[in-house]
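Hello,

Here is the structure I promised to pass on to you. Please have a look at it first, and then read on for what I found in it.

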Protein chains: 2
Amino acid sequence: MTTGSAPRRVTIADVAGRAGVSTAAVSKVLRGAYGVSPGMRAKVRKAMDELGYRPHAAARAMRGRTYTLGVMLSDTRNPFFPDIIEGVTDQLGDTEYQVLLGPGGDEPKSQARMTDAMIDRSMDGIILISPVMSGAELASIATTTPIVVIGRHGSAAEYDSVVDDDVVGARLVVDHLADLGHRRIAHITHLDRGRASGADSPQAVRAEGYRRAMRARGLAEGIEVVATSFTEEGGYEGARQLLARPARPTAIFAGADVAALGVLRAAYEAGLSVPGDLSVAGYDNIGIASLKPISLTSVDQDGHVIGATAARLLVERIEGRGRSVLSSVSPTLVVRGTTGPPAGRE
Amino acid sequence: MTTGSAPRRVTIADVAGRAGVSTAAVSKVLRGAYGVSPGMRAKVRKAMDELGYRPHAAARAMRGRTYTLGVMLSDTRNPFFPDIIEGVTDQLGDTEYQVLLGPGGDEPKSQARMTDAMIDRSMDGIILISPVMSGAELASIATTTPIVVIGRHGSAAEYDSVVDDDVVGARLVVDHLADLGHRRIAHITHLDRGRASGADSPQAVRAEGYRRAMRARGLAEGIEVVATSFTEEGGYEGARQLLARPARPTAIFAGADVAALGVLRAAYEAGLSVPGDLSVAGYDNIGIASLKPISLTSVDQDGHVIGATAARLLVERIEGRGRSVLSSVSPTLVVRGTTGPPAGRE
DNA sequence: CATGTTTCGTAGAACGTTCTCCATTGTTAG
DNA sequence: CTAACAATGGAGAACGTTCTACGAAACATG
């Protein structure tokens, strides 16, 4: 109907005109600042409603907040992210903050580009999910914009961290399998591309937790780790390597569910029954793990809690907390059909 | 090390000072505008590099572009999105545009809130994935900001659309199953919550395509549609209803893979072998569909092409194309282990 | 009644860009 | 040599907020 180009935005000045007050007064009402009489507030609110006023975020950004929080995703495909994001948005629920997600890719360079882009857009704070960067780079970002890091174990004074306790998670799996009678329990981990994340990465901690738990159970002999990648293909490849070895493991603990799916495929192709000939456990408890045809034993991280915690910490930071916080979320083991006692003698 | 608060941003004025030129000149270089000598360009570029200048998006937004494109996600869990997003980012690759994702939820209200938030942040354009809104609402958004709609079949003058040809997709499945000898092929569709999307939604078109294909094969008698939801639970529930009917279908075509997974669970629980007693086909060809323990026959939409096309159309719009475009992407059928000839007599 | 002290409201300067004019050069045509 | 014109660079006004000063009431205190 209405031809012609975009209608001009309703601004604070329009509202001020309509209400018969100054723009400064409108701004005060908007910000809930001190020095506004109830009468004035009502007048301004009314004018805003009538005109359908919406604050212009870019203009706000020039001086104050943008009320925008960024979440950098290191891998869009990871089926574990939706839970975290849901936790974040739920926590922020009815606050004025908006969440925007940035696909950062798995390269340090592309991730840095994404965080830079978020900073350029004056976001009030950023949540980084499993970033592949050095601690120094993270600290440097933190001097510009408050950040919370999810899934990296190294803590730092400059920013807050939320991690799943991967040592506990790995122990839960090893104990479960050892209780079933397994002695040769192998582990598939993810090979770090860049030198960046190192020993802080979840995969490194899971692998270390696995080794420690094995030793604690007196199974040091049975320790076997193969490093491929946390993908279906990586799990498949890792399992093939492990199953080709002379002393075949009776159980494989994959550091991620996606990899565990690859392990299942390798077992299937090798004609091994699960859990009869081979027990398989994963990590993350992704949605499909619970589906009947798969029924994968896995470690559940409660992404919802992790996301909500990260959001809470970030807002606290933005609103002035100085001291750094490291929040550790305990995982639980969900036992399903892919783990069982090892076969007879072997 | 460097204590004290955030270091002041490097601005265009700093660059101008360093290069010994005016801010206007720097801006021209930045924008690649007319009226800049090669010498000046070099000087300015050098100064920018030395100072590590980064344009401040919010300030840009006050007058020109933000070089930010938004993608509204209607459901973060849909495993089909990563492909689309990858297509979008690949297409935008080395342009100056940045992509930010907004979780819009599945409610019309929350989706509207998200798009409003994107408009408030002066994004240059927005891609809406399967939005649940009326055509009028979409058109109204389009008057403010260029948009491209993915997955809605109704075309409109105000915006561009990219759709999978769901009629073709449904026909591929029905033809495949009919060729195998099935006559009672049931369909599970998604029940629209709001009146908003209506006949434009993919599920509605798939269902209609299914009916049309059935009639075309002379199987009008075998048409059976049950409307639950495109979730694992929805597929399970739908399958239970269908399997309880007196004339049990020999094949179920679920309108989405996630629902097909639920169908598989229902079949498993009912003691039916797949594809022996029941053939199952899905739609979307999500990652896990190809995994051995599932091996689901499904329709592949090539989300990568859809995303890339949407991004291309959006940029064209932003740069001035007036005429509206509807791009239809043809799906393909991927036949796997869950479909086969129906059992003996039945 | 003179003098503080709140409380309420407004002016107006930022913030970092873009972009429309305008001024100054060369350069070319006549 | 001059008029006309293209090419190059700069001044300065937006853009829509926030927020520091500051003034004017209204009120309390002696």
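Let me start with the DNA: the residues of the surface near DNA strand C fall into twelve nonpolar, ten polar and five charged. Please keep in mind throughout that this is a predicted model.

Helix 2 of chain B has the largest share, with five residues.

Now for the other strand. There are 27 residues around DNA strand D, and those that come nearest are Ile12(A), Ala59(A), Met62(A), Arg63(A) and Met62(B). Here helix 2 and helix 4 (57-63) of chain A each supply at least two residues, as do helix 2 (23-31), helix 3 (38-51) and helix 4 (57-63) of chain B. Helix 2 of chain A gives the most to the surface near DNA strand D, namely five residues. By class, the surface near DNA strand D has twelve nonpolar, ten polar and five charged residues.

Next, the two protein chains. A rotation of 180 degrees, with 0.0 Å of shift along its axis, superposes chain B on chain A with an RMSD of 0.1 Å. The two copies are therefore related as by a two-fold rotation axis.

How many residues of chain B are in contact with chain A? There are 39, and they are in contact with 39 residues of chain A. On the side of chain B that touches chain A, at least two residues come from each of helix 4, helix 5 (81-92), strand 2 (98-103), helix 6 (108-120), helix 7 (135-144) and helix 11 (257-269) of chain B. Strand 2 of chain B gives the most to that side, with six residues. This side of chain B has 22 nonpolar, nine polar and eight charged residues. Of the interface residues of chain B, 100% are also interface residues in chain A, so the copies meet through the same surface.

Within chain A, two helices are worth a look. Helix 2 (residues 23-31) and helix 3 (residues 38-51) of chain A pack at an angle of about 90 degrees, and their axes are 10 Å apart. That makes helix 2 of chain A roughly perpendicular to helix 3 of chain A. On the helix 2 side of chain A, Ala25(A), Val26(A) and Val29(A) meet Met40(A), Arg41(A), Val44(A) and Arg45(A) of helix 3. The residues of this contact divide into five nonpolar, no polar and two charged.

Finally, chain A has an open sheet of six strands, in the order 7-6-8-9-10-12 and with mixed pairing. Its edge strands are strand 7 (224-228) and strand 12 (332-334) of chain A, each of which pairs on one side only. From one strand to the next, the twist averages 20 degrees. Strand 6 (residues 185-190) and strand 8 (residues 251-254) of chain A run parallel and are joined by four bridges. Ala186(A) stands opposite Ile252(A) in strand 8 of chain A. Helix 9 (residues 202-216) of chain A packs on the sheet, where it touches strand 6, strand 7, strand 8 and strand 9 (279-284) of chain A. The direction of helix 9 makes about 165 degrees with that of strand 6 of chain A.

Enjoy exploring it!

Best wishes

Definitions and conventions: Residues are numbered from 1 along each chain as its sequence is written. Chains are lettered from A and ligands numbered from 1 in the order in which they are written. This is a predicted model: local features need pLDDT of at least 70, side-chain atom pairs count only at pLDDT 80 or more; totals for chains, interfaces and linings use all residues. Axes are lines fitted to C-alpha atoms, for helices over the stretch in contact, and angles run from 0 to 180 degrees between N-to-C directions. Angles under 35 degrees count as roughly parallel, over 145 as roughly antiparallel, 65 to 115 as roughly perpendicular and the rest as oblique. Two residues are in contact if their C-beta atoms, placed from the backbone, lie within 7 Å. Ala, Val, Leu, Ile, Met, Phe, Trp, Tyr, Cys and Pro count as nonpolar, Asp, Glu, Lys and Arg as charged, and the others, Gly among them, as polar. A residue is near a molecule or strand if its C-beta atom, placed from the backbone, lies within 6 Å of it. Copies are superposed by least squares on the C-alpha atoms of residues with pLDDT of at least 70 in both. Two strands pair if DSSP finds at least two bridges between them.
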